[in-house]
Amino acid sequence: MKHLLTTLLTALVLSSAVQAEDGKLEVAGLIFKVEAPWAAVESTGMFRAGTLNAKVDGAEKPVEAVFYHFPGPGGGGGVQANVDRWLGQFASKPESKTEEIDAGGKKITLVTATGTYNDGPPMGAKTPRENYTLLAAIVPTEDSNIFIKLAGPKEAIAKLAEGFKKMAGSPFVK
């Protein structure tokens with residue numbers, strides 16, 4: 001219990017230390033290049049290390065890209081455990097693809113899944129959203145990973161996909 005409380009407090013302190021400036025977002029010492037239509041917004045919610053919003057035609061509200069970071073070796077779990085958890089956020093097995101991209105010699109894991117997404121807070125009530133796409137990235141750091149996740153209407157996410165991939169790898173590309 002004591003370890004859990006320490007981890008939670010550390011995550012909250014680190015979340016408040018995230019820096020966002022025009023054109024970049026710093027998370028866990030990595031600087032992500034942020035381009036339009038993305039804009040940094042205040043991060044609310046447990047474990048968030050950063051939040052970006054994008055207004056996209058086809059989405060009734062801005063789409064959110066949420067950055068999570070859990071410091072320490074193995075913080076936040078391994079790659080496959082997170083891929084499985086993300087795919088488990090759908091009402092039934094989604095159409096999905098997992099790929100790795102090289103970003104300046106670093107391996108970024110990308111997950112794309114489409115189906116009926118169970119939208120809602122981690123431990124709260126869920127609302128099924130048909131024809132939604134989840135796009136997520138696992139970005140390595142020195143001691144753990146940064147997890148970036150966004151979900152929204154399939155057409156809206158499709159418009160953001162290339163920029164999202166570029167942003168996810170941006171800390172390593174000069």
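In the predicted model, the side chains of Arg129 and Asp119 meet in a salt bridge, with an N to O distance of 3.3 Å. A salt bridge is defined here as a side-chain nitrogen of Lys or Arg within 4 Å of a carboxyl oxygen of Asp or Glu. Because Arg129 lies in strand E9 and Asp119 in strand E8, the pair ties together parts that are ten residues apart in sequence. Helices (H or I, at least four residues) and strands (E, at least two) are DSSP runs, numbered from the N terminus. Arg129 counts as partly exposed at 30% relative accessibility, and Asp119 is likewise partly exposed, with a relative accessible area of 23%. The classes are set as follows: buried means under 20% relative accessible area, exposed over 50%, and partly exposed in between (1.4 Å probe, protein chains only).

Residues are numbered from 1 along each chain as its sequence is written, and side-chain values use heavy atoms, with hydrogens and water left out. As the model is predicted, local features need pLDDT of at least 70 and side-chain atom pairs count only at pLDDT 80 or more, whereas totals for chains, interfaces and linings use all residues.

A search of the whole structure finds seven salt bridges. One of them joins Lys166 to Glu35, the closest N and O atoms being 3.4 Å apart. This pair links distant parts of the chain, with Lys166 in helix H3 (residues 154-169) and Glu35 in the loop between strand E3 (30-33) and E4, 131 residues apart. Lys166 counts as exposed, at 53% relative accessibility, while Glu35 counts as partly exposed at 44%. Glu99 and Lys165 form a salt bridge through their side chains (3.6 Å, N to O). Here too distant parts of the chain are linked, since Glu99 belongs to strand E7 and Lys165 to helix H3, 66 residues apart. Glu99 counts as partly exposed, at 22% relative accessibility. Salt bridges that share partners join Lys97, Glu99, Glu162 and Lys165 into one network.

Seven strands form an open sheet in the order E4-E5-E6-E10-E9-E8-E7, with antiparallel pairing; two strands pair if DSSP finds at least two bridges between them. Strand E4 (38-41) and strand E7 (95-103) stand at the edges, each with a single partner strand, so one side of each is left without a neighbour in the sheet. Neighbouring strands of this sheet are turned by 20° against each other on average, direction ignored. Axes are lines fitted to C-alpha atoms, for helices over the stretch in contact, and angles run from 0 to 180 degrees between N-to-C directions. Four bridges join E4 to strand E5 (residues 48-54), and these two strands run antiparallel. Val41 has Thr51 in E5 as its bridge partner.

Helix H2 (residues 79-87) packs on the sheet, touching E7, strand E8 (106-119), strand E9 (127-140) and strand E10 (145-153), and its direction makes about 165° with that of E9. Contact means heavy atoms within 4.5 Å. Thr109 lies in strand E8 and is buried, with a relative accessible area of 4%. Not counting residues up to four places away in sequence, Thr109 touches Val79, Thr98, Glu99, Glu100, Ala136, Ala137 and Ile138.

The chain averages a pLDDT of 87, and 87% of the residues score at least 70; pLDDT is the predictor's confidence in each residue, from 0 to 100. Over residues 1-20 the pLDDT is below 50, and this stretch has 19 contacts in the model beyond near neighbours in sequence. Where pLDDT is low, the predicted coordinates should not be read in detail.
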